Amino acid sequence: MRIDVHFEPAAPLPDLTGSTVVVIDVLRATSSMVEALVNGAQGVYPAPSTEEAIKLASSLGREDTILCGEARGLMIEGFDLGNSPREFSEERVAGKRLVMSTTNGTRAFSLVEDAVRVLACSFMNLSAAAAVAMEADSIVVLCAGMGGLFSLDDAVCAGALVQRIRSTAEVDVELNDAAMGAVEMALTFRINADFLASTSTGQHLIEIGLREDLKICAEIDRHSVVPEMDDRVIQLRSRPAGSSGSES
Ligand code: MLT
């Protein structure tokens, strides 16, 4: 098995045609997707821009569609929800399609449409994502980062994911340099809300009054589900082998 981690989505990606890609955006796109889907959202449609999201929502029909996401961390004018996992409650999202536009996370999904499988991972579904990803021989972990660049929260989550896969895989696991570095980072930092608060994305969320989001985004294995994208829609299709599947 081979695992390649990519810290910067702005850098060229390898050919993804034979790979399972795991997209990570801890603060907050993939954390929000996990929470929304567990709470009964029909599917998340990631849009690469606000304009694309508005177009897509009107083509899907606004009745059962929620427009959500952020610009500079805050809800976009005219949208129904922002990008806080705390907003995606069962009351708000059950049975709804979510068209989501975020600065880095939803864009990352549009870069990986050629992959065999595309999974969404955050700390909130870390072990479940590791269990599903390791069904593949070739795994590419794409950190959504910040403005196309490195983001520590995503890198540490990537390292924790690689660690989990390595500790359970029954085959040799070959890592690229970024994956080896990510594992070291995951061993260095204790994952909790204080760690997230120390990152630049975490600091920005605190500045705009969203410190509470860090607590939920730091909850390791809050849910045992794996959102998976197929035909540009992210849904709970994947179930880790051996799970009872009560959540998915
Ligand atoms: C992103 O896609 O950049 C994030 O999810 C940003 C955020 O939630 O503030």
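This is a predicted model: local features need pLDDT of at least 70, side-chain atom pairs count only at pLDDT 80 or more; totals for chains, interfaces and linings use all residues.

Reader: Let us begin with the backbone. Which residues does a cis peptide bond join?

Author: As a general idea, most peptide bonds are trans, and most residues other than glycine have a negative phi. In this model a cis peptide bond links Leu 27 to Arg 28, with omega at about 5°. Arg 28 lies in the loop between strand S2 (20-24) and helix H1 (29-38).

Reader: Where is Asp 221 found, a residue with a positive phi although it is not a glycine?

Author: Asp 221 sits in the loop between helix H10 (211-217) and strand S10 (226-230). Its phi is about 55°. Asp 221 counts as partly exposed because its relative accessibility is 32%, which falls between the limits of 20% and 50%.

Reader: Is Arg 232, another residue with a positive phi, buried or exposed?

Author: The phi of Arg 232 is near 65°, and this residue is likewise other than glycine. Arg 232 has a relative accessible area of 53%, and therefore it is exposed, the limit being over 50%. Its place is the loop between S10 and strand S11 (233-238). A positive phi also occurs at Gly 40, which follows H1 and has a value near 95°.

Reader: How is the packing of two helices described?

Author: Two packed helices are described by the angle between their axes and the distance between those axes. Here, helix H5 (residues 126-133) packs against helix H6 (residues 152-168) at an angle of about 55°, and the axes are 9 Å apart. H5 is therefore oblique to H6. The crossing of the two helices is right-handed.

Reader: Which residues of H5 and H6 meet?

Author: From H5 come Leu 126, Ser 127, Ala 129, Ala 130 and Ala 133; from H6 come Cys 157, Ala 160, Leu 161, Arg 164 and Ile 165. This contact is made up of 8 nonpolar residues, 1 polar and 1 charged. An α-helix has 3.6 residues a turn, so residues three or four places apart point the same way.

Reader: How many residues of H1 are buried?

Author: A residue is called buried when its relative accessible area is under 20%. H1 is mostly covered, with 9 of its 10 residues buried. Among them are Ala 29, Met 33, Val 34 and Leu 37, together with Thr 30 and Glu 35.

Reader: Which backbone atom does the side chain of Asn 104 reach?

Author: The side chain of Asn 104 reaches the backbone nitrogen of Gly 147, at 2.8 Å. Asn 104 belongs to the loop between strand S6 (97-101) and helix H4 (105-110). Asn 104 counts as buried because its relative accessibility is 16%. Leaving aside residues up to four places away in sequence, Asn 104 touches Asp 25, Ala 144, Gly 145, Met 146, Gly 147 and Gly 148.

Reader: What does Val 141 touch, not counting residues up to four places away in sequence?

Author: The contacts of Val 141 are Ile 3, Asp 4, Val 5, His 6, Val 22, Ile 24, Ala 158 and Leu 161. Val 141 is part of strand S8 (residues 138-143). With a relative accessibility of 0%, Val 141 counts as buried. Its C-alpha atom is separated by 9.6 Å from that of Gly 159, a residue 18 residues apart from Val 141 along the chain.

Technical notes:
Residues are numbered from 1 along each chain as its sequence is written. Side-chain values use heavy atoms; hydrogens and water are left out. Helices (H or I, at least four residues) and strands (E, at least two) are DSSP runs, numbered from the N terminus. Buried means under 20% relative accessible area, exposed over 50%, partly exposed in between (1.4 Å probe, protein chains only). Axes are lines fitted to C-alpha atoms, for helices over the stretch in contact, and angles run from 0 to 180 degrees between N-to-C directions. Angles under 35 degrees count as roughly parallel, over 145 as roughly antiparallel, 65 to 115 as roughly perpendicular and the rest as oblique. A crossing is left-handed if the near helix is turned anticlockwise from the far one by less than a right angle, and right-handed if clockwise. Contact means heavy atoms within 4.5 Å. Ala, Val, Leu, Ile, Met, Phe, Trp, Tyr, Cys and Pro count as nonpolar, Asp, Glu, Lys and Arg as charged, and the others, Gly among them, as polar. A polar contact is a pair of N or O atoms within 3.5 Å; within protein, one must be able to donate a hydrogen and the other to accept it, and residues adjacent in sequence count only if both atoms are side-chain atoms.
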